[in-house]
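Trainee: I have not looked at this structure before. Could we go through it one point at a time?

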Amino acid sequence: QRLNVIKAVQYQNLNLGAPTGLLPDGRYSYAMDPYAAPSSSNRSRYNANPSFGNLIYLTNTNKGESEALTLSIKKPFSDNWFGMLGFTASRATEVNPGTSSVAFSSYQNRAFVNPNDAEVSTSNYSVPRRVIASLSWQHKFFGDYTTQISTFFDGHSGTPYSWVFGNDMNGDSLGGRDLAYIPRGLDDVMFTGNSTAEQRQEFIDYIHNDNYLSQYKGRVFKRNGARAPWINQIDLTFRQEIPGLFPSGAKGELRFDIFNLGNLINDEWGVERRASFPLTRQLANFAGVDPATGRYIYDIDRQLRDVHYAPIDLPVNESLNPSQRWSILVTVRYTF
């Protein structure tokens with residue numbers, strides 16, 4: 001199945017003003033001094049109309065699409081066994097994920113190269129691979145009273161995210177939204193004097209060893225170009241029918257549902273890790289551009305942990321319902 005966007009949302013800041021210069025990777029800057037490190041003076045951009053602040057224009061775009069292919073098989077193996085297996089492969093792109101009901105929030109809560117561009121990239125809601133399976137077994141040990149055990153498995157790709165600068169590097173007053181330029185090596189960028197040679201090498205080694213960052217060396221990271229780890233979750237259900245007391249033919253049922261069984265066994269299993277809203281991780285801070293060489297200057301101090309370069313890990317996503325943690329539901333039902 002393939003779907004093309006007809007009318008999707010797009011937001012632009014009409015009061016952003018004309019760019020004041022180009023940065024080394026070709027993106028626009030709106031800062032008073034494009035090559036300076038961010039400061040109070042650097043954030044004073046040239047607004048088209050100084051009588052207003054942010055002036056957000058909600059319009060439409062026809063960019064973006066989605067494709068999906070689903071295969072599934074269901075089969076009763078006998079009177080007591082039933083199984084199902086399904087697989088979905090998909091791709092989805094968008095200009096803006098529309099994360100809020102407020103225009104300015106939707107405008108700013110995304111990562112970008114140039115804030116007003118209608119650049120298409122992987123959707124926030126993209127799940128490129130998903131596998132689901134279920135298996136049920138039932139038997140009547142006691143007359144007409146059924147014992148049933150069922151399992152359901154859901155394995156799927158993690159949520160996408162973007163590597164960004166931790167501060168406002170283009171002077172548009174939006175910190176932590178500018179997609180990071182990924183250096184090829186130590187000679188590709190410069191560093192502030194606070195970090196040591198060993199820490200700078202760890203920064204480069206981290207890029208070389210990361211599956212996603214290493215694909216973008218020498219260019220700007222693509223929005224949602226990285227993805228959180230694969231997620232596996234298993235639910236288990238036990239159901240037992242029992243005789244009823246009255247009236248004649250009544251039945252009782254005891255049911256135990258264990259959600260996220262893997263997490264019950266091991267608290268590292270069955271959890272989803274997701275980049276912090278709006279799906280970004282901070283690679284380094286922008287500290288200016290060296291005018292003599294035209295190279296970026298990076299500040300990695302905020303990414304140091306125990307004196308080593310180590311960006312913040314992807315946190316466990318606790319915003320979903322049901323929770324990422326295991327839970328048990330006990331149900332008693334009486335049918336008459």
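Trainee: Is Ser 162 buried or exposed, and why?

Mentor: Buried means under 20% relative accessible area, exposed over 50%, and partly exposed in between, with a 1.4 Å probe and protein chains only. The relative accessibility of Ser 162 is 1%, so Ser 162 counts as buried.

Trainee: What should I know about the model before we go on?

Mentor: This is a predicted model, in which local features need pLDDT of at least 70 and side-chain atom pairs count only at pLDDT 80 or more, while totals for chains, interfaces and linings use all residues. Residues are numbered from 1 along each chain as its sequence is written, and side-chain values use heavy atoms, with hydrogens and water left out.

Trainee: In which strand is Ser 162 found?

Mentor: Helices (H or I, at least four residues) and strands (E, at least two) are DSSP runs, numbered from the N terminus. The run of residues 160–165 holds Ser 162, and this strand is β11.

Trainee: Which backbone nitrogen lies 2.7 Å from a polar atom of the side chain of Ser 162?

Mentor: Contact means heavy atoms within 4.5 Å. Not counting residues up to four places away in sequence, Ser 162 touches several residues, including Ala 111, Phe 221, Asn 224 and Thr 280. The backbone nitrogen at 2.7 Å from the side chain's polar atom belongs to Asn 224.

Trainee: Where is Ala 111 found, and is it buried or exposed?

Mentor: Ala 111 is in the loop between α1 (103–108) and β8 (121–122). Among the residues that Ala 111 touches, leaving out those up to four places away in sequence, are Ser 162, Leu 179 and Thr 280. Its relative accessibility is 4%, so Ala 111 counts as buried.

Trainee: How many residues line the second largest pocket?

Mentor: On a 1 Å grid over the protein atoms alone, a pocket is an open set of points where a 1.4 Å probe fits, with protein on both sides within 12 Å along at least five of seven lines, and lining residues have an atom within 4 Å of a point. The second largest pocket holds about 280 Å³ of space. The residues closest to its centre are Ser 276, Thr 280, Arg 281, Gln 282 and Ile 312, and the lining residues number 20.

Trainee: Which peptide bond is cis?

Mentor: One of its two residues, Pro 278, is found in the loop between α3 (261–265) and β18. Omega is about 5°, and the cis bond joins Phe 277 and Pro 278.

Trainee: Val 307 is not a glycine, so what is its phi, and why does it count as exposed or buried?

Mentor: Val 307 is in the loop between β20 (304–305) and β21 (308–309). At 59% relative accessibility, Val 307 counts as exposed. Its phi is positive, at about 65°.

Technical notes. A polar contact is a pair of N or O atoms within 3.5 Å; within protein, one must be able to donate a hydrogen and the other to accept it, and residues adjacent in sequence count only if both atoms are side-chain atoms. Grid points are joined across faces, edges and corners, and a volume is the space filled by probe spheres set on the points.
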